[in-house]
Amino acid sequence: MSLVQMTVSRPEAVERRPANQHRARWMRPLIGLLLPLGLALAWELAVRAGLSTGRLVPPPSVIWDTFAELAAAGELQRHALATTTRVLTGFGLGVVSGTVLGAVTGYSTFIMRLLDPTLQALRAIPSIAWVPLFILWLGIFESSKVTLIAVGVFFPVYLGVMGAIRSVDRKLVEVGRAFRLSPLAMVRRILLPAVLPAYVLALRSGLGLGWMFVVAAELLGASEGLGFLLIDGQQLGKPAQIVAAIVAFAILGKITDWIVVLATTPLLRWEDRFSAREEAN
């Protein structure tokens, strides 16, 4: 190849590469749909071929019809909105309290020795064990449900923040002290960047537990919500409604997790990670 051909072809390659990267960025999330869609298609074909009756585990076509019926009646939107509102409210309360206590116990060894043993003991209590106590304290209305969800979110956020602060490299802190950074500057320029990656993981873990705890929360006399759909389907013997509610939980949980990832990605662009290089290729 001549020098002229090389100089002409390179700009075209440079132009094609960003276009290919942009296309690949939008195609990557679709890869995650291959497994669930493949399993759904396989089960649909198995039921249609007579390998299973599909009575206890309905095929995707029956679940889709159930979704359509619930959406046409407005039930799906009402229950999904009620559950999502509870999860987001409890998530906000759990994140704030977990972040504050995690930061305090991570920064102060004395406070950690004072508070952490009690919090670790409370963390071992199953979610369903809190239900009767919250009913007695807060009644069967929204406050008890939101509080239970906040408890589920609190512990992973608390542990993530405390562990991240206590595992900050001592050399980084010493460099900050050598430059005589103020406490606020030390937090903003050293501690916060060091803690952010673990904090994002703690947020995602707490959000996942929030969606898990909302089912127990909606056992507290709820008259609406996806947990109510689960119980209603069980009592009326409607397996398609039960599976549809489970699928709705999965979809909403994934959407909210995706939103957290999108919101926190700009805060972590400074990381020089191996996975980031792999994703860029």
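**Salt bridges in a predicted model**

Seven salt bridges are counted in this predicted model, a salt bridge being a side-chain nitrogen of Lys or Arg within 4 Å of a carboxyl oxygen of Asp or Glu. Because the model is predicted, local features need pLDDT of at least 70 and side-chain atom pairs count only at pLDDT 80 or more, while totals for chains, interfaces and linings use all residues. Residues are numbered from 1 along each chain as its sequence is written, and side-chain values use heavy atoms, with hydrogens and water left out.

**View 1. Arginine 78 and glutamate 75 form a salt bridge.** The N to O distance is 2.7 Å. The two residues are three apart in helix α4 (residues 75–107), about one helical turn; helices (H or I, at least four residues) are DSSP runs, numbered from the N terminus. Arginine 78 is partly exposed at 36% relative accessibility, and glutamate 75 is partly exposed at 27% (buried means under 20% relative accessible area, exposed over 50%, partly exposed in between; 1.4 Å probe, protein chains only).

**View 2. Arginine 78 also pairs with glutamate 224 in a salt bridge.** Their closest N and O atoms are 3.1 Å apart. Glutamate 224 lies in the loop between α9 (183–217) and α10 (226–236) and arginine 78 in helix α4, so the pair ties together parts 146 residues apart in sequence. Glutamate 224 is partly exposed, at 27%.

**View 3. Aspartate 257 and lysine 254 meet in a salt bridge.** The N to O distance is 3.9 Å. Both residues belong to helix α11 (residues 239–264), three residues and about one helical turn apart. Aspartate 257 is buried at 12% relative accessible area, whereas lysine 254 is exposed at 52%.
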